[in-house]
Amino acid sequence: MDRISHSDITGLVLAGGRGTRMGGADKGLQLFQGIPLALHCLRRLQSQTGAVALNANRHLEAYAAFGSPVWPDATDSFDGPLSGFMAGLEHCDTPYLVTVPCDTPLFPHDLVMRLAAAMVGADADLAIVLAPERDPATGQTMLRPQPVCCLLHRRLLHSLHTYTQAGGRRVGVWAKAQRMVSVSFDAPGDDPRAFCNANTLAELRALESPSP
């Protein structure tokens, strides 16, 4: 296969968490630049994929008002991103699914294209983001995996079921067991804040400010 067509990819915005570090607020419904975070991410992803949907577990009517399908987790246990992955793979009609968390509103406009190119080049089933992150202890910037931002082949659904039914919940652990390729987003011109996530309202307000 020479390339993956954008029409073969469904984009999924993950908004199914508890929002614990945001005081229990539904993170995807918090405003970013005047619109809900999840809707902002949905629009940013829409031009990169053939279809888009949302993974949410509460306030489903509010999410449905955004005009895209809403796919809750199979259980009401708030089991984390892997449950969102499974919901997406179980519902999507395309061979590929790309996921982004709703609290990462600055992800690149070429995210999907770069993940897809790397997946084809490596003959992989999973492509995850490597993004620059500053170590507060040393002040050094290093590339770290951001496995919740990823492109998955639909055949991974069986592996996900097996891992989670055995009690697994860690995205990184599951990812390392797959045919995976990591994709660096530290090229000249890449926004160093592209994969910064807003865990608190203060962090969300900070992301609204222009880069220094």
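Leaving aside its neighbours within four places in sequence, which residues is Thr10 in contact with? Thr10 touches Thr49, Ala51, Trp71, Cys92, Asp93, Thr94, Tyr96, Leu97 and Val98, where contact means heavy atoms within 4.5 Å. The model is a predicted one, in which local features need pLDDT of at least 70 and side-chain atom pairs count only at pLDDT 80 or more, while totals for chains, interfaces and linings use all residues. Residues are numbered from 1 along each chain as its sequence is written, and side-chain values use heavy atoms, with hydrogens and water left out.

**The chain as a whole**

- The chain has seven helices and eight strands, these being DSSP runs of at least four residues for helices (H or I) and at least two for strands (E), numbered from the N terminus.
- Its radius of gyration, taken over C-alpha atoms, is 16 Å, close to the 17 Å that the globule rule gives for 212 residues, so the chain is as compact as a globular protein of that length; the rule is 2.2 Å times the number of residues to the power 0.38.
- Along its principal axes, the C-alpha trace spans about 40 × 40 × 35 Å.
- Of the 212 residues, 49% are buried, which means under 20% relative accessible area, whereas exposed means over 50% and partly exposed lies in between (1.4 Å probe, protein chains only).
- Among the contacts with a separation of 6 or more, 70% are between residues 24 or more positions apart.

**Paired strands**

- Strand E7 (residues 141-153) runs antiparallel to strand E5 (residues 96-101), to which four bridges join it, and two strands count as paired if DSSP finds at least two bridges between them.
- In this pairing, Thr99 stands opposite Cys150 in E7.
- Strand E6 (residues 126-134) also pairs with E7 in the antiparallel sense, over nine bridges, and here Val129 stands opposite Gln146.
- E6 and E7 form a hairpin with six residues between them, and Gly139 in the turn has a positive phi of about 80°.
- Arg134, found in E6, counts as exposed at 55% relative accessibility, and beyond its neighbours within four places in sequence it is in contact with Gly139, Gln140 and Thr141.
- Arg134 and Arg144 are 10 residues apart in sequence, and their C-alpha atoms are 9.5 Å apart in space.

**Buried parts**

- Helix H3 (residues 81-91) is largely enclosed by the rest of the structure, because eight of its 11 residues are buried.
- The buried residues of H3 are Leu82, Ser83, Gly84, Phe85, Met86, Ala87, Gly88 and Leu89, and what covers them includes strand E1 (9-15), strand E4 (51-56), E5, E7, helix H5 (157-165) and helix H6 (171-176).
- Thr10, the residue of the opening question, is found in strand E1 and counts as buried at 4% relative accessibility.
- Thr10 and Leu42 are 32 residues apart in sequence and 11 Å apart in space, C-alpha to C-alpha.
- Asp125 lies in the loop between helix H4 (111-122) and E6, and Asp125 is buried, with a relative accessible area of 7%.
- Not counting residues up to four places away in sequence, Asp125 touches Met119, Leu151, Leu152, His153, Arg155, Leu156 and Arg179.
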